[in-house]
Amino acid sequence: MPKEQPFVFIETCTPRRVLELFSTKWTSMVLYALKGGRLRTGELQRCLPGISKKMLTQTLRELEADGLIDRTVYPEVPPRVEYDLTDTGRLFIEPIEMLYDWGRRHEGLLGSLKLRRGKS
């Protein structure tokens with residue numbers, strides 16, 4: 001029986017594109033935090049303990065550039081900015097929920113793995 005050839009993950013293949021989107025720590029969490037509707041920057045930051053203002057700003061800019069979130073600036077003093085999922089962004093909620101559900105079901109396994117960067 002001939003040996004099956006390994007799958008070649010060319011740069012434009014779907015698995016690489018999906019993983020590239022979620023390769024940053026905060027992307028899926030920001031999207032998931034917005035699943036309930038519009039949030040201001042401070043509200044998002046409170047939903048995501050541990051994220052720095054700089055990292056939140058960078059993640060929001062990337063998600064906006066990718067067309068996954070909308071940014072609305074209101075002409076008020078002080079300025080008010082809100083973020084919300086686009087229709088495309090909403091399409092990512094289901095796979096994020098599936099991944100998070102899998103994590104909850106396998107919490108013991110995840111707890112036994114050595115985490116990156118020496119965190120426990």
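Helix H1 (14–21) contributes the most to the lining of the second largest pocket, with four residues. Both H1 and helix H4 (53–65) supply at least two lining residues each; helices here are DSSP runs of H or I with at least four residues, strands are E runs of at least two, and both are numbered from the N terminus. The model is predicted, with local features requiring pLDDT of at least 70 and side-chain atom pairs pLDDT 80 or more, whereas totals for chains, interfaces and linings use all residues. Residues are numbered from 1 along each chain as its sequence is written, and side-chain values use heavy atoms, without hydrogens and water.

The second largest pocket holds about 270 Å³ of space, the volume being that filled by probe spheres set on grid points joined across faces, edges and corners. A pocket is an open set of points on a 1 Å grid over the protein atoms alone, where a 1.4 Å probe fits, with protein on both sides within 12 Å along at least five of seven lines; lining residues have an atom within 4 Å of a point. Among the lining residues are Arg-17, Glu-20, Glu-62, Asp-66 and Phe-92.

All six residues of strand S3 (residues 80–85) are buried, so the strand is largely enclosed by the rest of the structure; buried means under 20% relative accessible area with a 1.4 Å probe, protein chains only. Arg-80, Glu-82 and Asp-84 point one way from S3, and Val-81, Tyr-83 and Leu-85 the other. S3 runs antiparallel to strand S2 (residues 69–74), with six bridges between them, and a five-residue hairpin connects the two. Strand S1 (residues 39–40) also pairs antiparallel with S3, over two bridges; pairing requires at least two DSSP bridges. Glu-82 is the bridge partner of Arg-40 and of Thr-72.

Key
Buried means under 20% relative accessible area, exposed over 50%, partly exposed in between (1.4 Å probe, protein chains only).
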